[in-house]
Amino acid sequence: MHKGIHKFYLLGLYIVLDINSGLVHVVDKLVYDILDIFKGHNDQEVIEQLGSTYSVEALTEAMAELRELEQAEQLFTPEISAPMVFREKPVVKSLCLHVAHDCNLRCGYCFAGTGDFGHDRTLMSFEVGKKAVDYIIEHSGSRRHCEIDFFGGEPLMNLPVVKQIVTYVRQKEQETGKIFKLTLTTNAVLLDDETIDYLNDNNIALVLSLDGRQTTHDGMRPFPNGQGSFSTVQPKMAKFIFSRNNENYYVRGTYTAKNLDFANDVLAMADMGFKELSVEPVIEKEADYRLTEEHLPRIFAEYDKLTAAYLERKQSGNGFEFFHFNLDLNHGPCVAKRLSGCGAGHEYFAVSPQGELYPCHQFVGREEYKLGDVFTGVTNSELPIKFRETHVLNKEKCPDCWARFYCSGGCHANADLMNHDIKKPYELGCSLQKKRLECAIMVQAKRSLEKF
């Protein structure tokens, strides 16, 4: 098969992805089989291998059509090289403010060490938050749109400072012309009526942490006394999304080896009325709930099940959005974005409660990745360059992977956790990402064909 394409069959569709352009072709079985052999010029080889299955006339006609697609640069398109803009000095686009290194839950899989990130439990001061806002304004250049995420631990444990920072952000918007998108990630334990009103009045997007069914959620997200948190947080989340007409939020869960039937958790959350959903695989090396290669067939089957249910509900008018299926086949990201991914370490930084700068929220507490602080700026000047240059074309295993321009080389933090090297992707995560991408491509192709 030509290295410039990836093909797969899923839920009744034969699909061919042109890797470098991102174009997707839905084909018949004849073309699908031809593409196992066809390289653009080896017609006789194709006829010799498939002549007993298909007529020579049909094979010849199909290959002529494939050559027309190649000439139109819709198939077998050339390799992408890093654009010049990608080599320029980046601007800071987003900050993740760790306003609380403390939490009122004790989630079993928490990468933040139950909220303290391996250090003392502490809250960010307004002074640090203010300097962080000044930092992104100063280092965002001419870019007008910026983002700030309030993160933890549990950021609502430090709501007074969050409010001070928001007020300061709105003030600086007026003074500078910048426009900030604000997001807050919460477990919803402290999500009362007054807080809901404040979040709505200030147009703050929410990421709500819920793992699905009550048994699943309570198994991993208990209070410090061991009691499950589902019955406390789920009604608050439902009240919140109703208050803002099911908009400007999403519910994010985590699946582990203890709930490999995670499609049922996604559908359960959809049945609760949540329409913006995501579930992510747990990243863990040794715990009994970790995901392993042995789990992959079951997980892949579960994604197929979720894909079928997603399409069925969309067609029936009772649909929901699933984060990993939201793939734009017509207007994908620019080449630089396809190479660099999330921008961690050069366009996106996390800020600890003390004001320390790290490449992203998951790196906080990994001292070897400390970049500097919001008071003096980036002092480890080599690290942003390393992150900037660690893109798919510079990673040993990425250049030959069909999914390279969708995953952008995978998560640096997961690579460091699993392989102690941001240039060596977490391979199990790669397998899961490729499966989700196949499902997403199929979903968008199906919706485009059937117009729903």
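The questions and answers below concern a predicted model.

Me: How many disulfides does a search of the whole structure find?
Reply: A disulfide needs two cysteine sulfur atoms within 2.5 Å. Cys-342 is in no disulfide, as the nearest cysteine sulfur, that of Cys-360, is 6.4 Å away. For Cys-401 the closest cysteine sulfur is in Cys-407, and at 5.8 Å this is too far for a bond. The number of disulfides found in the whole structure is 0.

Me: Is Cys-401 buried or exposed?
Reply: Buried means under 20% relative accessible area, and exposed means over 50%. Cys-342, with a relative accessible area of 52%, is exposed. Cys-401 has 18% relative accessibility, so Cys-401 counts as buried.

Me: Are helices H4 and H5 roughly parallel or roughly antiparallel?
Reply: H4 covers residues 126-139 and H5 covers residues 159-176; their axes come within 9 Å and cross at roughly 30°. Angles under 35 degrees count as roughly parallel. H4 is therefore, relative to H5, roughly parallel.

Me: Which residues of H5 meet H4?
Reply: The crossing of the two helices, H4 and H5, is right-handed. By class, their contact has 7 nonpolar, 3 polar and 3 charged residues. On the H4 side it involves Phe-126, Gly-129, Lys-130, Val-133, Asp-134 and Ile-137. On the H5 side the residues are Val-161, Gln-164, Ile-165, Tyr-168, Val-169, Lys-172 and Thr-176.

Me: What is the angle at which H10 and H15 pack?
Reply: H10 spans residues 296-316 and H15 spans residues 427-450, with their axes 10 Å apart. The two helices, H10 and H15, are roughly parallel to each other, and H10 passes H15 in a right-handed crossing. The angle between H10 and H15 is about 20°.

Me: How many residues of the contact of H10 with H15 are charged?
Reply: From H10 the contact takes residues including Asp-304 and Lys-314, and from H15 residues including Lys-435, Arg-436, Lys-446, Arg-447 and Glu-450. Other members include Leu-296, Ile-299 and Phe-300 of H10 and Leu-428, Met-442 and Val-443 of H15. The contact divides into 11 nonpolar and 3 polar residues, and the charged ones number 7.

Me: What is the omega of the peptide bond from Gly-152 to Gly-153?
Reply: Most peptide bonds are trans. Gly-153 is in the loop between strand S7 (145-151) and H5. The bond from Gly-152 to Gly-153 is cis, and its omega is near 15°.

Me: Where is Glu-73 found?
Reply: Most residues other than glycine have a negative phi. Glu-73 is not a glycine, yet its phi is positive, about 60°. With a relative accessible area of 55%, Glu-73 is exposed. Its place is the loop between helix H3 (56-71) and strand S4 (94-98).

Me: What does Asn-248 count as at 35% relative accessibility?
Reply: Asn-248 sits in the loop between helix H8 (230-243) and strand S10 (249-255). Its phi is positive, near 60°, in a residue other than glycine. At 35% relative accessibility, Asn-248 counts as partly exposed.

Me: How many of the residues of H14 are buried?
Reply: Helix H14 runs over residues 412-419 and is mostly covered. What covers its buried residues includes helix H12 (382-389). The buried residues of H14 are His-412, Ala-413, Asn-414, Ala-415, Asp-416 and Met-418. Of the 8 residues in H14, the number buried is 6.

Me: Which residues is His-412 in contact with, leaving aside its neighbours within four places in sequence?
Reply: His-412 is found in helix H14. At 7% relative accessibility, His-412 counts as buried. With neighbours within four places in sequence left aside, its contacts are Ala-344, Phe-363, Phe-387, Thr-390, Lys-395 and Ile-422.

Me: How far apart in space are Leu-17 and Phe-76, C-alpha to C-alpha?
Reply: Leu-17 lies in strand S2 (residues 13-18) and counts as buried, at 0% relative accessibility. Not counting residues up to four places away in sequence, Leu-17 touches residues including Trp-402, Tyr-406 and Ile-441. Leu-17 and Phe-76 are 59 residues apart in sequence, and the C-alpha to C-alpha distance is 9.6 Å.

Technical notes: Residues numbered from 1 in each chain as written. Predicted model: local features only at pLDDT ≥ 70, side-chain atom pairs only at ≥ 80, totals over all residues. Heavy atoms only, no water. Buried < 20%, exposed > 50% of the residue type's maximum accessible area, 1.4 Å probe, protein only. Axes fitted to C-alpha atoms, helices over the stretch in contact; angles between N-to-C directions. Helix = DSSP H or I, 4+ residues; strand = E, 2+ residues; numbered from the N terminus. Parallel < 35°, antiparallel > 145°, perpendicular 65-115°, else oblique. Left-handed = near helix turned anticlockwise from the far one by under 90°. Contact = heavy atoms within 4.5 Å. Nonpolar A, V, L, I, M, F, W, Y, C, P; charged D, E, K, R; others polar.
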